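Morning, everyone. Please have the sequence and the model open while I talk. I'll go through it piece by piece.

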Amino acid sequence: MERLFDTHIIRKSRECAPVWTLTTLDEGGLTGPEKVIVPSVWESHPALRKYRGRGVYEQKITAGGNVRIWLDGVSFRAKVYLDGALLAEHYGAYTGFEALEQSLPEGEHTLRVEADNRYDADSALHIPNDYYAYGGINRPVIVEEVGNVYITWLHVTPRKTAGGWTVDAQVSLRNLGDQPFHGTLRLSLTGKEATEEIEIQSHETSLFELSMDCGKVTPWSPENPKLYQVTAKLLENGEAIDDIIDRIGFREIRVEGKKLLLNGQPLLLKGFNRHEEYGSFGLSAPVEAMMQDIHLMRDLGANCVRTCHYPNDPLFLDLCDETGLLVWEESHVRGFTEDKMRHPRFMEQLRQCTIEMAEQHYNHPAIFVWGSLNECADDTEYGAACYREIFSLLRKLDQSRPVTAALLERPGGKVYGDMDVVSINIYPQWYHNTPVQDGLNRKLLEAAQGGGENKPVIVSEIGAGAIYGYHDPFGEAKWSEERQCAILKAQITAVLSHPDVMGIFLWQFADVRVAEEWAMGRPRTYNNKGVVDEYRRPKMAYQIVKALFNK
């Protein structure tokens, strides 16, 4: 399933059949072709639990004309071939990309996707880390047939006015033809329409803007997550030739002093960091498992989730839109020292991921803040310059949301003044025995003195580990469920009672698999700080967190 709703009615679009053939190419793989489900990760196959290499997926498709193949996610390098011809290459597991073939003869064709999850020198972002870099086609593959001119994306920005709400829309269109295109662009929303006559030169992509007064509508909020369908249609000589459909919510996010406001009301954030990681499915999970996570987080009293440390599946974001679960989404990078940030392809790959995230997920009303560069070298001049470049890029891509970055507990941060919301990761009582209030106050003082004074502050990570089922009758031993309960109780109580903090994201919702290179510091080769384990079995801390979040 690609989305919770139809994204096209006029455009011919369909998801590929789920059963593909997978052939591995490197040592440690399969001995022959295997039937597998797409989307999935190949680590779900018992023979490929630790496979790091290349895999070739094949599927037959029936199509003709201008064929646009949209791949929502391939982990983490991809090459896409149609009938043996290379159409596209892409780096990054967590954002989508297109492969386009023009004037394809009508009939059956062979689609081949080569996925590669090797840690090679060209990979700056996907490295051994505190989560696992899976392999395979991890999100849906969509086959579309488009005309010479088609819509590539639609962004809609709501604005509250004295008389109700208006929207400003941007529509990107591409002309594949040899001749200029003259037509009409029509935007439909809340029973109203806006139109504009357009012209696109041959072999160009152009951006068009429309505005519309929507009057009195129901605002989107966590308590009442009202969604509206918006449609952009392209017409030629009065006939609709292409369309794109999305959903929006009427809401505004604004920073005012130390407050983060949603539709003018201050937010108090209580939530979790959540990796796209499931015990049986790895990075790729069915929609039922995604919804179970949301039900569990809501049961715990959470109103928000952070997509650490990469863009999430659009299907999960759709569910957050539906249920009113606020989302902090961030582009892919975690825990890089300056030497890793100086990798010759680091900024190139981070910029690409950031652009694709904002372009593809712009319309989700649940997303209230953009983030990037989790726990990187913000304490060096070079690292701080990287932060500032990505903040500037995010503001260029989207002026309707604030930007932030979750910074390490260690001192010396140089970018507090450059972000709209100050976010800090602290682990008192877990990695050190500092009293929680002292550790929090020390970091808040540094942030204020470093340019973050009079800004909203979020504790973006705080937590403690426990191995599911390990108990210490005295409640003293680290990794016991009892010790996790005691630490989380102290942490949550201190943070939520602090007048200068407007949000907490516990690290973390569920236990996640980590790279084997991290195994000696991570029992079971898992980051075990979840309040549920990788199979969503609640630990003792579940009830502690639920009581404190719902207090």
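Let's start with His203. At 53% relative accessibility, His203 counts as exposed, because exposed means over 50% relative accessible area, buried means under 20%, and partly exposed is in between, with a 1.4 Å probe and protein chains only. His203 sits in the loop between β14 (192-200) and β15 (205-215). Helices and strands here are DSSP runs, numbered from the N terminus: helices are H or I with at least four residues, strands are E with at least two. His203 is not a glycine, yet has a positive phi of about 55°. Most residues other than glycine have a negative phi, and most peptide bonds are trans.

Now the ground rules. This is a predicted model, where local features need pLDDT of at least 70 and side-chain atom pairs count only at pLDDT 80 or more, while totals for chains, interfaces and linings use all residues. Residues are numbered from 1 along each chain as its sequence is written, and side-chain values use heavy atoms, leaving out hydrogens and water.

Back to phi. Glu375 is not a glycine either, and its phi is positive, about 50°. Glu375 lies in the loop between β24 (367-371) and α5 (381-397). Is Glu375 buried or exposed? Buried, because its relative accessibility is 11%.

Next, cis peptide bonds. One joins Ser75 and Phe76, with omega about -15°. Another runs from Trp507 to Gln508, with omega near 5°. Gln508 is in the loop between β29 (503-506) and β30 (512-513).

Stay with the rings. How many aromatic pairs does a search of the whole structure find? It finds 16. Rings of Phe, Tyr and Trp (its six-membered ring) pair if their centres lie within 6.5 Å; planes under 30 degrees apart count as stacked, over 60 as edge-to-face and the rest as tilted. Trp42 and Tyr51 make an edge-to-face pair, 5.3 Å centre to centre with 65° between the planes. Trp42 and Tyr51 are both buried. Phe76 and Tyr119 make a stacked pair, 6.5 Å centre to centre with 25° between the planes. Phe76 is in the loop between β5 (74-75) and β6 (77-82), and Tyr119 is in the loop between β8 (97-116) and β9 (136-137), so this pair ties together parts 43 residues apart in sequence. Phe76 counts as buried, because its relative accessibility is 0%. Tyr119 is partly exposed, at 25%.

There is also an aromatic cluster: Tyr427, Trp430, Tyr431 and Trp479. Lys478 lies over the face of Trp430, 5.0 Å from the ring centre. A charge sits over a ring if NZ of Lys or CZ of Arg is within 6 Å of the ring centre and within 35 degrees of the ring normal. Arg524 does this with Tyr526, at 4.6 Å from the ring centre.

On to Arg247, in strand β17 (residues 239-248). Why does Arg247 count as buried? Because its relative accessibility is 12%. Which side chain does Arg247 meet in a polar contact of 2.6 Å? That of Glu322. A polar contact is a pair of N or O atoms within 3.5 Å; within protein, one must be able to donate a hydrogen and the other to accept it, and residues adjacent in sequence count only if both atoms are side-chain atoms. The backbone oxygen of Asp318 lies 3.5 Å from a polar atom of the Arg247 side chain. Val230 is 17 residues away in sequence, but its C-alpha is 5.7 Å from that of Arg247.

Thr184 is in strand β13 (residues 181-189). Thr184 is buried, because its relative accessibility is 16%.

Last, a helix. Helix α1 (residues 287-299) has 13 residues and spans 18 Å from first C-alpha to last, close to the expected 18 Å. The expected span is 1.5 Å times one less than the number of residues. Buried residues of α1 include Val287, Ala289 and Met290. The buried residues of α1 pack against β21 (269-273), β22 (304-306), α2 (314-323) and α8 (541-549), where contact means heavy atoms within 4.5 Å. Just after α1, Gly301 takes a positive phi of about 95°.
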